[in-house]
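Me: Could you help me learn to read the place where two protein chains meet? I would like the general idea before the details.

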Amino acid sequence: MSKEPVAVVGIGQSKHAAARRDVSLAGLVREAARRAVDDAELSWADIDAVVIGKAPDFFEGVMMPELYLADALGAVGKPVLRVHTAGSVGGSTALVAANLVAARLHGTVLTVAFEKQSESNAMWGLSLPIPFQQPLLAGAGGFFAPHVRAYMRRSGAPDTVGALVAHKDRRNALKNPYAHLHEHDITLEKVMAAPMLWDPVRYSETCPSSDGACAMVLTDRAGAARAPRPPAWLLGGAMRSEPTLFAGKDFVSPRAGRDCAADVYRQAGITDPRRDIDAVEMYVPFSWYEPMWLENLGFAEEGEGWKLTEAGVTALDGDLPVNMSGGVLSTNPIGASGMLRFAEAALQVRGQAGEHQVPRARKVLGHAYGGGSQFFAMWLVGAEPPER
Amino acid sequence: MTRQIAVVAFAQSDHRRTTDELSEVEMLMPVLHEVLARTGLRTADIGFTCSGSSDYLAGRAFSFTMTLDGVGAWPPISESHVEMDGAFALYEAWSKLLTGDADTALVYAYGKSSPGSLRDVLTRQLDPYYLAPLWPDSVALAALQAQALIDAGDTDESALAAIGARSRAAATANPHAQLRGPVPQGDHLVRPLRTGDCPPIGDGAAAVILAAGDRARQLCARPAWIRGLDHRIEPHSLGARDLTDSPSARLAAERAGAFERPVETAELHAPFSSQEVVLRKALRLGGEVVVNPSGGALAANPVMAAGLIRIGEAAARIHRGACDRALAHATSGPCLQQNLVAVLEGDAR
């Protein structure tokens, strides 16, 4: 039995900000969900099931908040699943929802991801207390900075590459009305003059802490035929996990990431990602992860990713645009960050990305990762339905 | 034609009031080894892995990452996690197998309630603006439901006591149960519920292996085929619900095909005696149905695993030929807010 093709027919996101004090948790998720349902020109009654994801419950101080959010998401009387796979969760959540359609369990599924980080302090929320961890780290940057340093040493990349990524992503965000950071006066000099936070990651090269939500409506072939706007078709999707720490782990280019990408490319019939894929929306919470993931995802040979960034290939007008939305560097409600990547990929192939639209984007990769570079979720979406 | 998926193996820990000497990983590892040994599979043979657990029980963020180390996710595995009871992890794994992307799945769940005050912890599950600030605990909310049932004439205190006694008597045959044999009905904990109407608080873990079609037959002499699986949620606000009924459980059962033919056995995740009354009514279980032969959640209720254990117990009865058609149920949220129903069958003998 072949799988049911899955189409994205509705996309919505909230306005992202450091603190959305104007809305409750329910108000935040409903803002994104409402926009996704409206975009699909459906009503709540047309939704068969809801799959919601977010990162640790401690960020808002609500245990299993999907129980309380059932009403706000129009989910009463329906199935609700709640996914949590660390930072990759927004991507994983979309994939779990897509599976419900692919398995023909449901025709139309609403998937939502959110984080309202202003309810607590995410940096310390990510710094696990004794006895779980040595008191050496402050936030995720403390964990990832040594791996960035390892990449720089391994690849011989010049010190300036990280700043180029941050400058590009923050400028892309100026074209995205939903982005959290809109730094209208940003210059490369300002990026490079920012204080060092976790050497070699400057304050200007790290993601913000945001309140935000993202939602998508996924549907089957029949649902796609009724859609008011062009759908984005799921051509391949996969998750891969590996342990946090072990002897021989490659933190710079984790095998789980490579395996996950290979699985997606196999499903989608991609043989040369650099040639076959038009744009990439990847999870780059610290600037240097752009060249690192370019290599991990097979867009560049090992040690060569930074050259694409330096040559402007990944700019919005380059031949492999990366993080057209402004990326995680401009908007980071952690639980939603992965889904925002997946949603941007879908927006691009639907031709609905507004000022940050890449012309003729036919196949776009959405990528998310989490934990200690150990959880990966990716999907490749296209303007045309899968051939099978 | 839809793929047929079966539960082919089940294992669980001994559920205990405290496991101070064990981390979550140490509690789970023997269960994972046991469930894999039952099928002869190794981690690397498994097509998809999915787990259920809660950071709020563990008291730390990303707690599930530790137990993933116990699974041995190397080379990297296709894996996911729900912040829900393991029964919902099983649902996710089942949907994955239905797509044909995998032929086998490992599902596990665990929870250690002992480090904290569970009644207080569960209040953090409630509406954070209007309900959680009042700290109404899980026993108090269940007592509201029990009183509503008594007021409606659906039960009385002695009938509730009989449910607790029957459950713990059944648990004498279950070496994993926490409460076995006669347990005093005790004083009112929150009127009208007495200690005997309430589940023991404890720590535990469980794991299940699913397999599709012929693979299931290779791995298990008598697979427990999942004929139907569905789950539904109700409004969160107790004031918006009729606490004496469970329309979500009934709808899930209907969608899972539970009413097409009678079941012989039902494993119900009813942590409070009064909730068995609600579920029997919603699921239309008559006196001829054997309910909770394992002792149910009144004998052992490791939060996050107790629902998966119901599916595992029902499947194990089919595996050993003690039953041909069983219903398994899992719940989440205050007063049975969210309910899952599985219908399991063995091949004709």
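Reply: Gladly! Let's start with a term: a salt bridge is a side-chain nitrogen of Lys or Arg within 4 Å of a carboxyl oxygen of Asp or Glu. Here, the rule finds 1 salt bridge across the interface of chain B and chain A. B:D101 pairs with A:K3, and their closest N and O atoms are 3.0 Å apart.

Me: What should I know about the model and its labels?

Reply: This is a predicted model, where local features need pLDDT of at least 70 and side-chain atom pairs count only at pLDDT 80 or more, while totals for chains, interfaces and linings use all residues. Residues are numbered from 1 along each chain as its sequence is written, chains are lettered from A in the order in which they are written, and side-chain values use heavy atoms, with hydrogens and water left out.

Me: How much area do chain B and chain A bury between them?

Reply: The size of an interface is often given as the accessible area lost when the parts come together. Buried area is that loss (1.4 Å probe), summed over both parts. Chain B and chain A bury about 5,000 Å², with 66% of it on carbon and sulfur atoms. B:Y56, B:F62 and B:I233 supply 13% of the area that chain B buries against chain A, more than any other three residues.

Me: How many residues does each chain bring to the contact?

Reply: Contact means heavy atoms within 4.5 Å. By that rule, chain B brings 55 residues and chain A brings 51 residues.

Definitions and conventions. Buried area = accessible area lost by both parts, 1.4 Å probe.
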